[in-house]
Each structure stands twice: as C-alpha cells, then as structure tokens.
Amino acid sequence: MARRRLSRRQREVRRNRIILACVASLILILIIIIISVSVKSCSRSGKSDNNKETGAISEDNSDIQADSNNTVNDDSADTTAASSTAVSDNSPYPAPQLPSGNIVSKGTTSKGFSIQEIDGATYIDGHLIANKTYALPSGFIPTNPDQPVNNADRSSTCLDKTLMSAWNSMLKDASANGLNIYIASGYRSYNYQVNVYNRYVKSDGASVADTYSSRPGYSEHQTGLCFDLNSIEDSFQYTDEGKWVNDNCYKYGFCIRFPKNKDAYTGYKYESWHLRYVGVDLATKLYNNGDWLSLEEYFGISSQYPD
Ligand SMILES: [Zn+2]
C-alpha cells in the first residue's frame, strides 16, 4: 500500500512538473514575442527620426507646414483655411495644396491619373493644369498665395506659399554657387493675359502668337505656380544659370515645364526659363535622369486649343 501511495505521489509530482514546464515555456514564448515586437517598433521609429535628420533642409519643411496650416485666403470669402494636409509625401518641398471646394470627378487620363475639377479648374492627380486643353476660369487667382493677390495684374510675391519656400532655398543654393537667378515674371492675371495676347495677335497674327503666347485663361502664369527666370531668351539654356537650373531645379520641386523637343506634347516651344512648381516627388519623375518629360506625356493628357 505504502509503495503504491508513494508511486501515486511520484506520478502527481511528475504531472505537476510537466504542467509547470508547459506553463514556463508558454511564458517564455510570450516574453520572446513581446521583446521582438518592441524591438521592431523601436527600430522603425529610429528610422523615421533618421529620415528627418538626413533631409538636410528639414527646417524649411517645418516652415512650409506651419505656413500652410495657418493659411486663410483673404481674397475669397468661400475659401476657408486651406485643407490641413497638402500631400502625404515627406519631402522638404511637397506638392502644392489642393484648394478647398467642391471636387467633381471627371474620370481618368489615358495613363490612369484622376481628373478632377474644383471651381472650374482642372487637377490631374491633384496637380493644377493650365494648358491649351485645360483652361482656367477667368476669375481664377492663386489659391494659396504667399502674399495676397488683391487686384494685382502681375506679381512675383503672390505666388504659391510652398513654391516660395522652395524658391528661397533654390535661390540660396544658386547664390552659394556664384549664380545669379531671379524671378523675372511670376503671376499674371487673366486680364493681363488678355492684353498681352491681343498685342501679339496684332503684330504676328493669331496662329503665330499661339506658338509662343497663351490665350487668356490658358496661361500657366495665372496659376501662381510658375515663373520665368532671368531672360526669356533661348540663350538662357547655355548660361551657367540655365544649365544649373536645368540640372538642379527638380531637387526643389520645380520642373522645366516646356522641355526641349516636347512641343508635340506641350503645345509650346522649349522654354529653359519657365519653371513650374509640382513638388519633389513629381519633379524627380519628370526630370527623368536629365531627359525631361513634359507633364502632358507623364499624365497622358493633351494640350490643344479646342479650335
Ligand atoms: Zn513663362
């Protein structure tokens, strides 16, 4: 009897040990899982900190965000504070903000990019387009200007806020390289374009004027997202300034809007001096390792007057 009891106890002890071992190994597995999860999340947050630090011009980025979040457009009663986020990209020079307003979907381009209309202006994949196919309403003024537009006919200060921040950095770096770049012409109102275009039509005729001047409403200068640098001469491309701009502007979010040999897409001759702000992400794609693409071919849209 005594022996049987003892063996029963032994069995109990063994069972208890097995249960203990199981519980202990379960706890161990749990601890391992918890440690590995916390190590992963630590390394992830470490990475994003690095990104912030290596973005050499991150102070400008925070300026951009602060500016864009506090913007209220004084000139238009129905635009309230600009929508909180422009773009999800973390580049120092993000794409310009979409204005607030009713978004009307107009399908997609031949390359699958969204076409949207906000207050009569066309946005492809979130980028405002003004070309020979897509006109701006006559009352359109820059939607997020650095300085109020008021009734200005021409201005190089009421350009887009994010553009101006990027431009100031580009200007600083160009100067550090001993280069002299400046904005010769920025925003132009619809009315101003009426006068310019009519003057050219008078001197050269409409068909010739259409090759170098935009009809009112079709000029990108009305967007407040572009400007002409230095001189609107073909020779600008051969200057040190022109070469540097061609090779570097994408780093600040600008593109050569009318690249060389892209007339068939853009409807305009090569303009080495005309820069359009689109943000670093898109500008880098358009730069295309030095073989500039036009917005039209990238998005799969046309640039042709209706008549
Ligand atoms: Zn221009």
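These legends walk through several close-up views of a predicted model. Residues are counted from 1 along each chain as its sequence is written. Because the model is predicted, local features need pLDDT of at least 70 and side-chain atom pairs count only at pLDDT 80 or more, while totals for chains, interfaces and linings use all residues.

View 1. The pLDDT score is the predictor's confidence in each residue, from 0 to 100. For the protein chain the mean pLDDT is 81, and 75% of the residues reach 70 or more. Residues 37-88 are another story: pLDDT stays under 50 there, and the model has 55 contacts beyond four places in sequence for this stretch. (Two residues are in contact if their C-beta atoms, placed from the backbone, lie within 7 Å.) Where pLDDT is low, the predicted coordinates should not be read in detail.

View 2. Strands here are DSSP runs of E with at least two residues, and helices are runs of H or I with at least four, both numbered from the N terminus. Two strands pair if DSSP finds at least two bridges between them. Strand 1 (residues 103-108) and strand 2 (residues 114-118) run antiparallel, joined by four bridges. Look for Ser 105, whose bridge partner in strand 2 is Gln 116. Five residues separate the two strands of this hairpin, and Gly 112 in the turn has a positive phi of about 85°. Strand 2 then forms a hairpin with strand 3, with two residues between them, and Asp 119 in that turn has a positive phi of about 50°. Across this pair, Ile 118 stands opposite Ala 121 in strand 3.

View 3. The order is 6-8-10-9, with antiparallel pairing. Strand 6 (183-185) and strand 9 (254-258) sit at the edges with a single partner strand each, so one side of each has no neighbour in the sheet. Strand 9 and strand 10 (residues 271-277) share four bridges, and Phe 254 has Tyr 277 in strand 10 as its bridge partner.

**View 4. The largest nonpolar core.** Such a core is a set of buried Ala, Val, Leu, Ile, Met, Phe, Trp, Tyr and Cys residues joined through C-beta atoms within 7 Å; buried means that 20 or more other C-beta atoms lie within 10 Å of a residue's own. This one has 51 residues, and those with the most contacts inside it include Phe 254 and Leu 275. Helix 3 gives the most, with six residues. Beyond four places in sequence, Leu 275 is in contact with residues including Cys 226, Phe 254 and Ile 256.

Terms used
A residue is buried if 20 or more other C-beta atoms lie within 10 Å of its own, exposed if 12 or fewer, and partly exposed in between; C-beta atoms are placed from the backbone.
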